[in-house]
Amino acid sequence: MKKLPVTYTLEMTDGKARAGKIQTPHGIIETPVFMPVGTQATVKAMTKEELDDIGTQIILGNTYHLFLRPGDDLIDRLGGLHQFMSWKKPILTDSGGFQVFSLGALRKIKEEGVYFSSHIDGSKRFISPEKSIEIQNHLGSDIAMLFDECPPGLSTREYLIPSIERTTRWAKRCVEAHQKADKQGLFAIVQGGIYEDLRQKSLEELLEMDEHFSGYAIGGLAVGEPREDMYRILDSIVEKCPENKPRYLMGVGEPIDMLEAVESGIDMMDCVQPTRIARHGTVFTKHGRLVIKNAEYAEDTRALDEECDCYVCRNYSRAYIRHLLKVDEILGARLTSYHNLYFLVQLMKDAREAIKKGEFQKFKKEFIDKYNINIH
Ligand SMILES: CNc1nc2c(CC[C@H]3O[C@@H](OC)[C@H](O)[C@@H]3OC)c3nc(N)[nH]c(=O)c3cc2[nH]1
Ligand SMILES: [Zn+2]
């Protein structure tokens, strides 16, 4: 069994929920963990010091975006993505598959790869499994993702079966193309839509190549399928993934969904939502979401979340932040982004502590009971 550059140590289980550590070339990650998304080599509006201050352990970059701008070859010439963005902790890059399907216009999926028009200038582009791995190798991320097809949320079995089989063939090609196998971990991505048997099929085909994978992602979720289908799939497939490797649920960043995912045995999650909704004025609080632009907060001198101890909640009021967003001041988006990221990073840290005390169920119930109250 060859030594993988990214490894996992299980520390404690509480039901199917688990606490552990991931060792990577750029440091150790304590799980469960929320991973802020830095699609274009920046977690929008956050400096690296602010990311450190909120407890960020790992950030995400995006193959599709960085391939188009500034170009993975440029980043490679400048020393790789860590050097380029002065980020010294771990980075995970997605393979670009998802963006090609969700951003690229006029895309054509062929066996050799995907032809698409750039969403920036309409230029004709092509990404294959080999190209995706080459880009991720150039970026030098600690964890690279397989190039997969993420089918639309409610795809039929007739569409999913051939799609899974092609994604498995693409997985083999990614493994063969992975030049930096000693310095960069490779995560498999399980597909299969909302069908347990197809999820099983996808996982079994990937397990044939298990020796090459440092972790397993659950893909194809948070793409429009009903919540209960996502939970049902998680409940059935996560525990079947190797126990000695991290499990990553892609695209999930709603507090309650995150706790359901942790309960099913998920270790890692990412989502663009926290910063995206922040820029539009929606923030997380222990009592649920709060839309700060509402007139009721015009003279509200309380913190965004009175139970939050982040820098923003210790220094600024709802009235002030509401004003900043209403007049479109950049600081407004910065403050709401900082708080939302802190909220999710902290939620996973608290979940980890609860698991280590064997109190995850109690922690989850208390959070959910409180979170549903609509605040005034
Ligand atoms: C939102 N729901 C969701 N996102 C998903 C992403 C993109 C995350 C990536 O895309 C950007 O966020 C949109 C982030 O940059 C993230 O980087 C890892 C997925 N990526 C792949 N390769 N395969 C999947 O099955 C998949 C499923 C998802 N479901
Ligand atoms: Zn706060």
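A: Ala, Val, Leu, Ile, Met, Phe, Trp, Tyr, Cys and Pro count here as nonpolar, Asp, Glu, Lys and Arg as charged, and the others, Gly among them, as polar. This is a predicted model, in which local features need pLDDT of at least 70 and side-chain atom pairs count only at pLDDT 80 or more, whereas totals for chains, interfaces and linings use all residues. Residues are numbered from 1 along each chain as its sequence is written, chains are lettered from A and ligands numbered from 1 in the order in which they are written, and side-chain values use heavy atoms, with hydrogens and water left out.

Around ligand 1 there are 22 residues, and those that come nearest are Asn 62, Gln 99, Asp 148, Gly 220 and Leu 221 (a residue is near if one of its heavy atoms lies within 4 Å). By class, this shell holds eleven nonpolar, eight polar and three charged residues, and strand S5 (59-62) and helix H5 (97-102) each supply at least two of its residues (helices, H or I, of at least four residues and strands, E, of at least two are DSSP runs, numbered from the N terminus).

Polar contacts are pairs of N or O atoms within 3.5 Å. An oxygen atom of ligand 1 lies 2.5 Å from a side-chain N or O atom of Asn 62, and an oxygen atom of the ligand is 2.7 Å from a backbone N or O atom of Gly 220. At Leu 221, a polar backbone atom is 2.8 Å from a nitrogen atom of ligand 1. Taken alone, ligand 1 exposes 580 Å², of which the protein buries 92% (Shrake-Rupley method, 1.4 Å probe).

A pocket is an open set of points on a 1 Å grid over the protein atoms alone, where a 1.4 Å probe fits, with protein on both sides within 12 Å along at least five of seven lines, and lining residues have an atom within 4 Å of a point. The largest pocket holds about 980 Å³ of space, and its lining has 43 residues, with Phe 98, Gly 251, Asp 270, Cys 271 and Val 272 nearest its centre. Helix H11 (273-279) is among the elements that supply at least two lining residues, and its four residues are the largest share.

Key:
A polar contact is a pair of N or O atoms within 3.5 Å; within protein, one must be able to donate a hydrogen and the other to accept it, and residues adjacent in sequence count only if both atoms are side-chain atoms. Grid points are joined across faces, edges and corners, and a volume is the space filled by probe spheres set on the points.
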